[in-house]
Amino acid sequence: MLVTCSAMAEAERRFFADRSPEPWMDEAGRLCAAAILDFFPDPAKAEVFCGKGNNGGDALVLARWLKRHGWSVILHFASGAGNLSGLPAKKLAEYEAEPTTPIALLRPRPLVLVDGLVGLGAKGELRGSIRELAARMNSLRRREGATTFAIDLPSGFDADAGVAGPDAVVADFTLSVTQAKVGFAADGAENHLGRLVEIPLDIPVEDLDRTRRFLFPSNLRPRLPRRAFGMHKGAAGRVVIAAGSRGMAGAAVLAALGASRGGAGLVTVCVPEEVHAIVATKAPPETMVRPYRDFHEVGEIAADACAVGPGLGSEPAPGLGDFLTRHPKPLVIDADALNFLARSPALLSTLPAHRLLTPHPGEMARLVSDAEISDRSTLAGRFVETHGTALLLKGARTVVASPGKPFELNTTGHPGMASGGMGDVLTGLCAALVAQGLGLHDAACVGSWLLGRAAELAMREGRQAAESIHAPLVAEFLGTARQALNIPGSP
């Protein structure tokens with residue numbers, strides 16, 4: 001759920017009217033440091049930029065924790081260290097009293113920047129020393145490849161309107177304290193916010209926008225079913241995938257990887273006869289690969305959920321229309337199956353409710369006539385109201401929409417995922433989650449988060465640049481991502 005800046009400020013005013021905010025500042029700083037340590041587990045260099053108010057106090061607590069973990073930390077003050085208000089001044093003294101832990105430099109350390117300059121109360125454009133320090137952060141990010149973490153919001157970003165001022169800090173990660181702000185959901189806001197991380201504080205907040213929410217571990221974890229100890233593969237979900245064609249056999253393999261690594265008990269991949277030999281040698285060995293000539297054959301295979309579309313090509317086998325509209329099990333519909341529907345508006349209008357469509361922006365533009373709407377949530381909402389299905393609209397902030405449910409926006413991932421095959425893995429993954437008992441909406445939410453988190457882990461564990469991450473590698477980290485989702489405190 002989302003909150004305006006004024007509603008959040010009022011909640012804090014009421015909550016701290018009769019209690020000291022210090023324990024909450026200590027907790028916010030600790031959790032923010034833990035988030036940085038998750039993405040940078042080895043000691044690195046940090047430059048921490050502090051305002052004179054409580055946002056700066058949070059930053060100083062964070063700095064103390066990084067120092068404790070062997071980081072090299074440099075502090076910058078917008079108004080001088082001697083002008084800090086009471087509680088931040090106390091946190092500076094605690095930082096200075098923290099012993100330095102020397103760590104041997106085995107390789108060059110990355111540079112991390114922490115934006116703790118201004119909080120929710122700041123309005124208008126940045127001025128004076130705050131503007132200068134914001135410019136320094138942006139310069140270091142651009143010239144030195146530094147990674148910027150913003151506490152609660154990037155300085156200079158309007159968290160109500162979702163727009164950034166001319167000198168606003170550009171963050172790679174925004175550590176969202178207590179509740180995400182309404183402006184975070186605006187289209188394009190991700191270019192200043194980067195990856196959102198939940199920093200939960202137990203502060204009661206009223207007047208929430210309950211029509212939208214971001215996907216965080218705290219609201220995803222309860223949706224995952226726990227397996228009984230006596231579970232067998234037949235009860236763990238049967239997934240049937242129809243994918244691939246000449247020249248696009250890899251799409252079938254990637255969808256199979258997504259389904260298998262997503263936990264499906266049995267996976268059957270149906271491919272045209274001409275690519276059967278290729279897919280059979282490339283698919284995960286635990287999957288079954290079957291040739292088919294028409295979709296009637298695919299529909300006869302026992303399934304708890306089906307996925308259809310990746311790499312089918314422009315001339316799919318006969319019977320696709322009947323398969324999409326009449327198959328009794330839930331379907332995840334992607335790629336060329338979406339293009340087929342775009343060419344057949346009558347079929348699109350007769351899809352049953354138990355269908356999840358997973359278009360990227362280009363496919364969405366072909367499915368609807370009002371794709372010029374800039375607000376992705378509005379576009380998604382109109383689509384599900386018209387067609388009654390679930391929708392996963394891909395993008396840097398993937399939107400999941402279903403009739404009668406709040407819009408849900410994904411938070412995980414990085415720009416390195418802008419490469420071929422990611423959507424094929426996601427299609428198989430969502431089908432696997434549905435086969436294991438999740439509803440289509442929840443499967444889309446969990447699947448989006450897991451895929452993005454797997455991409456982050458592939459980058460971290462493999463020590464690779466984001467630009468080098470590829471779909472098969474991401475699929476191999478889906479299990480690690482799901483394990484992380486099961487652990488309280490995951491970012």
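**Note on a predicted single-chain model**

1. Ala171 is buried, at a relative accessible area of 2%; buried here means under 20% relative accessible area, exposed over 50% and partly exposed in between, with a 1.4 Å probe and protein chains only. Ala171 lies in the loop between strand S7 (163-164) and strand S8 (173-177). Setting aside residues up to four places away in sequence, Ala171 touches Thr148, Ala150, Pro154, His192, Leu193 and Gly194, where contact means heavy atoms within 4.5 Å.

2. Residues are numbered from 1 along each chain as its sequence is written, and side-chain values use heavy atoms, with hydrogens and water left out.

3. The chain holds 19 helices and 20 strands; these are DSSP runs numbered from the N terminus, helices being H or I with at least four residues and strands E with at least two. For 491 residues a compact globule would have a radius of gyration near 23 Å, and the chain's 24 Å agrees with that. The radius is taken over C-alpha atoms, and the globule rule is 2.2 Å times the number of residues to the power 0.38. The C-alpha trace spans about 75 × 50 × 45 Å along its principal axes.

4. Of the 491 residues, 57% count as buried. Among contacts with a separation of 6 or more, 72% are between residues 24 or more positions apart.

5. The largest nonpolar core has 62 residues, and those touching the most other members are Val239, Ile241, Val269, Val279, Leu356, Val446 and Leu450. Helix H17 (residues 440-462) gives the most to this core, with twelve residues. A nonpolar core is a set of buried Ala, Val, Leu, Ile, Met, Phe, Trp, Tyr and Cys residues joined through side-chain atoms within 4.5 Å. Beyond its neighbours within four places in sequence, Leu356 has contacts that include Leu331, Ile333, Leu391, Cys430 and Ala444. A second, separate core has 58 residues, among them Leu84, Ala189, Val197 and Phe216.

6. Helix H5 (residues 128-144) has 17 residues and reaches 24 Å from its first C-alpha to its last, close to the 24 Å expected at 1.5 Å a residue; the expected span is 1.5 Å times one less than the number of residues. Its buried residues are Leu133, Ala134, Met137, Asn138, Ser139 and Leu140. Their cover includes strands S2 (45-50), S3 (72-77) and S4 (111-116). After H5 comes Gly145, with a positive phi near 70°.

7. The disulfide count is zero, a disulfide being a pair of cysteine sulfur atoms within 2.5 Å. For Cys306, the nearest cysteine sulfur is that of Cys270, 8.3 Å away. Cys445 has its closest cysteine sulfur in Cys430, at 9.3 Å, which is too far for a bond. Cys306 is buried at 1% relative accessibility, and Cys445 is buried at 0%.

8. Ala471 belongs to helix H18 (residues 471-476) and is buried, with a relative accessible area of 1%. Residues that Ala471 touches, not counting those up to four places away in sequence, are Leu254, Gly420, Gly421, Met422 and Val425. Gly421 is 50 residues from Ala471 along the chain, yet their C-alpha atoms are separated by 5.4 Å.

Methods
Predicted model: local features only at pLDDT ≥ 70, side-chain atom pairs only at ≥ 80, totals over all residues.
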